[in-house]
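Hi,

Here is the structure I promised to pass on.

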Amino acid sequence: MADLAVGLLGKVLKNPVMNASGTMGYGVEIEPLWGIEKMGAYVTKGLSLKPHHGNPPPRVFEEKCGMINSIGLHNIGIEAFFNVYMPFFKKKDLPVIINFFGFSEDEYVECARYIKPHRLILALEANLSCPNIKAGGISFGKEPESVYRLIKKIKSVTEIPVIAKLTPEVTDIVSIAIAAYEAGADGLTLINTVPAIHVDIENRNISIRGGLSGPLLKPIALKAIRDCSEKVPIPIIGVGGIMDWEDCVAFFMAGARAVQVGTATFLDPYAIPKIIDGLRNYMDKKGYSSINNIIG
Ligand SMILES: Cc1cc2nc3c(=O)[nH]c(=O)nc-3n(C[C@H](O)[C@H](O)[C@H](O)COP(=O)(O)O)c2cc1C
């Protein structure tokens, strides 16, 4: 049987498939359906220094090409996550990636400082799509200079590997990836959602403003991964529109070392275990002994 194990950020994961941040609650919610330890790692919902209430409803809207979400980074805060949910992952012996954000550079830095290194904490994934209040609400991830400055500050307060999760809403994602790398990022997650609206033609208004995810993101994510992997020598975690194992194989071939699956779980809560099984069958059929045979 093919070995799905993959080396990532100094650890070996049993397979390279994870959930995308914010699409599997705090992890415990999926437990009645399948064992979360089937994944290579769990990625937390975006966490902040203090709890955050997020946006009023509607928070999700299904489009023909995917889904718009406007959760507004609702979360219980970093301290409550470690007190309430981290014991669950310790019991499962499952590596965790902590996705986090702040509305100022200081909030990102304080959040990163709060998290102490632990055998099961694989990395801190900085969500750079968050608006910078001081800069008039422009997201941190839009300018190479602000990405460089923020990643450098985060790196200076933690020994845990730092992953920069980039927004595709930029002119040149490669220049952003290079800035993150030069600031010391240990990995990249590509890509976050694309800003979008839904127009309600009955009520003649915009019913939701948020981030578009799902199938339409796949070709955009693949190009970002390909282009960045040619210029930046750190591992890339691919995310955006992976709906089945075939999509997942394409992400590895484009240059991803691991993948995350989000919107697919909303359509089919078993999407992730099906993708892991499908990937293994594909590798067996093709005679690939390791995931390294298809990366890049
Ligand atoms: C409901 C929802 C909540 C999300 N919350 C976060 C978040 O807290 N932090 C983050 O970095 N990305 C967040 N994302 C973006 C996903 O992690 C992922 O990058 C994006 O949805 C693309 O993947 P997909 O097409 O497989 O869903 C969220 C996406 C959705 C749909």
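Why is β8 largely enclosed by the rest of the structure? Seven of its seven residues are buried, so the rest of the structure largely encloses β8. Before you go further, bear in mind that this is a predicted model.

**The eight-stranded sheet**

β8 belongs to an open sheet of eight strands, ordered β3-β16-β15-β12-β11-β8-β7-β4, with parallel pairing. At its edges are β3 (17-19) and β4 (42-43), each of which pairs on one side only.

On one side of β8 (residues 121-127) is β11, joined to β8 by four bridges and running parallel. Ala 126 has Ala 164 of β11 as its bridge partner, and α3 packs on the sheet here, touching β8 and β11, with its direction at about 155° to that of β11. Leu 124 is opposite Val 162 in β11. β8 is also joined to β7 (residues 96-100), in this case by five parallel bridges. If you want a pair to look at there, Asn 99 has Glu 125 in β8 as its bridge partner.

β12 in turn runs parallel to β15 (residues 236-239), with three bridges between them; Thr 189 stands opposite Ile 237 of β15. Over at β3 and β16 (258-261), helix α8 (residues 271-286) lies across both strands, at about 170° to β3.

Now back to α4 (residues 173-182). Its buried residues are Ile 173, Ile 176, Ala 177, Ala 179, Ala 180 and Tyr 181. What do they pack against? The answer is α3 (144-155), β11 (162-166), β12 (187-190) and α5 (217-231). Just after the helix, Gly 184 has a positive phi of about 110°.

In β12, Gly 187 and Thr 189 point one way while Leu 188 and Leu 190 point the other, and all are buried. Which residues have the most contacts inside the largest nonpolar core? They are Ala 180 and Leu 188, in a core of 83 residues. Leaving out residues up to four places away in sequence, Leu 188 touches Ile 163, Ala 164, Leu 166, Ala 177, Ala 180, Cys 228, Val 232, Ile 234 and Ile 236. As background, nonpolar side chains in soluble globular proteins tend to be buried together.

**The four-stranded sheet**

There is also an open sheet of four strands, in the order β5-β6-β14-β13, with antiparallel pairing. The edge strands here are β5 (60-62) and β13 (194-200), each pairing on one side only. From one strand to the next, the twist averages 40°. β5 pairs with β6 (residues 67-69) in the antiparallel sense over three bridges, and Glu 62 has Met 67 in β6 as its bridge partner.

Cheers

Notes. Residues are numbered from 1 along each chain as its sequence is written. This is a predicted model: local features need pLDDT of at least 70, side-chain atom pairs count only at pLDDT 80 or more; totals for chains, interfaces and linings use all residues. A residue is buried if 20 or more other C-beta atoms lie within 10 Å of its own, exposed if 12 or fewer, and partly exposed in between; C-beta atoms are placed from the backbone. Helices (H or I, at least four residues) and strands (E, at least two) are DSSP runs, numbered from the N terminus. Two residues are in contact if their C-beta atoms, placed from the backbone, lie within 7 Å. A nonpolar core is a set of buried Ala, Val, Leu, Ile, Met, Phe, Trp, Tyr and Cys residues joined through C-beta atoms within 7 Å. Two strands pair if DSSP finds at least two bridges between them. Axes are lines fitted to C-alpha atoms, for helices over the stretch in contact, and angles run from 0 to 180 degrees between N-to-C directions.
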